[in-house]
Amino acid sequence: MSGGPDALLSVRGLRKTFGPLEVLKGVNMEVRPGEVTFLIGPSGGGKSTLMRCMNFLDMPNAGEIVFGGKRLCHEDGSVFHAAPERVLRAARSEMPMVFQHFNLFSHRTVLQNVIEGPVMVQRRRREEAVGEAEEILRRVGLGDKLGHYPDQLSGGQKQRVAIARALAMRPRLILFDEPTSALDPELVAGILDTIRGLADNGMTLIVVSHEMGFARKLADTVHFIADGTILESGPPERIFDSPENTRLLGFIRSILH
Ligand SMILES: Nc1ncnc2c1ncn2[C@@H]1O[C@H](COP(=O)(O)OP(=O)(O)OP(=O)(O)O)[C@@H](O)[C@H]1O
Ligand SMILES: [Mg+2]
């Protein structure tokens, strides 16, 4: 089974276990180009694991993922197959992930952090990568921080470096896992604005976030994930204003209180 012809990313029957723990129990979702998808749900529900499986930081146990027309994993009979590592690596660079805790190289400058992927993974020419990185860093407001090290930056600036690093890969889709939850409150709005700018420019995004106001404004589709399954999906107005699933209703109430 494959995604519709217009899907950029298609996930079918995705399963993931950690030892005896079944964390993803058959997840289905599709993302079209330019679409903004939010994943919401209670802690431990499997949101991060789903994202990590999408770009093979965690290896799924079963199911199919098709990205940009390439099948990254599938089942043949009941045997699970993942594509060769070079295919997964290419997909990972076209679908980079931005983490809650930035995950920058602490002993490298801002510029070195941003050109690492283009030069080492994508084998692009260094001068070209530097020129493009400088332009991206200017765009995210860090044009004057190229030679700084991560510990010389604020949390919001570090997250901008992480976003610049993702953009430098010339991604087709960016995965954000709680990009603002490690930030001081006064820095959150700036990062949300940066993400909104990406969406406005047509970038395809999947975002895990507890910022419900942000999800409501930006999302095309919201998936509510709990206990390793998507319990309800829909446009933000439906999800937030007239949820049908009782767990989603409870989740929304708990967040509003
Ligand atoms: N590497 C791992 N080894 C063992 N169990 C794991 C691992 N990673 C995640 N889990 C377990 O999988 C479940 C889902 O975790 P996950 O991090 O995907 O949840 P989440 O929805 O992102 O939660 P949160 O909102 O707190 O970030 C949890 O029970 C977690 O303990
Ligand atoms: Mg998580």
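## Contacts along the chain

In this predicted model, 62% of the contacts between residues at least 6 apart in sequence join residues at least 24 apart. Of the chain's 257 residues, 41% count as buried.

## Overall build

The chain has nine helices and 11 strands. Its radius of gyration is 18 Å, close to the 18 Å given by the globule rule for 257 residues, so the chain is as compact as a globular protein of that length. Taken along the principal axes, the box filled by the C-alpha atoms is roughly 50 × 45 × 35 Å.

## The largest nonpolar core

The largest nonpolar core holds 70 residues, and those touching the most other members are Val114, Ala164, Leu175 and Phe224. Helix H5, residues 155-167, gives the most to this core, with six residues. At least three core residues come from each of domain 1 (9-96 + 173-256) and domain 2 (105-170).

Leaving aside residues up to four places away in sequence, Val114 touches Ala133, Ile136, Leu137, Val161, Ala164, Arg165 and Ala168. Ala164, one of these partners, is also among the core residues that touch the most other members.

Ligand 1 has around it Phe18, Leu21, Val23, Gly41, Ser43, Gly44, Gly45, Gly46, Lys47, Ser48 and Thr49. Two elements, strand E2 (21-31) and helix H1 (47-54), each give two or more residues to this shell. Helix H1 gives the most, with three residues.

Sorted by class, the shell around ligand 1 contains three nonpolar, seven polar and one charged residues.

Methods:
Residues numbered from 1 in each chain as written. Chains lettered and ligands numbered in written order. Predicted model: local features only at pLDDT ≥ 70, side-chain atom pairs only at ≥ 80, totals over all residues. Near = placed C-beta within 6 Å. Helix = DSSP H or I, 4+ residues; strand = E, 2+ residues; numbered from the N terminus. Nonpolar A, V, L, I, M, F, W, Y, C, P; charged D, E, K, R; others polar. Rg over C-alpha atoms; globule rule 2.2 N^0.38 Å. Buried ≥ 20, exposed ≤ 12 C-beta atoms within 10 Å, placed from the backbone. Contact = placed C-beta atoms within 7 Å. Core = buried A, V, L, I, M, F, W, Y, C linked by C-beta atoms within 7 Å. Domains from an automatic or database assignment.
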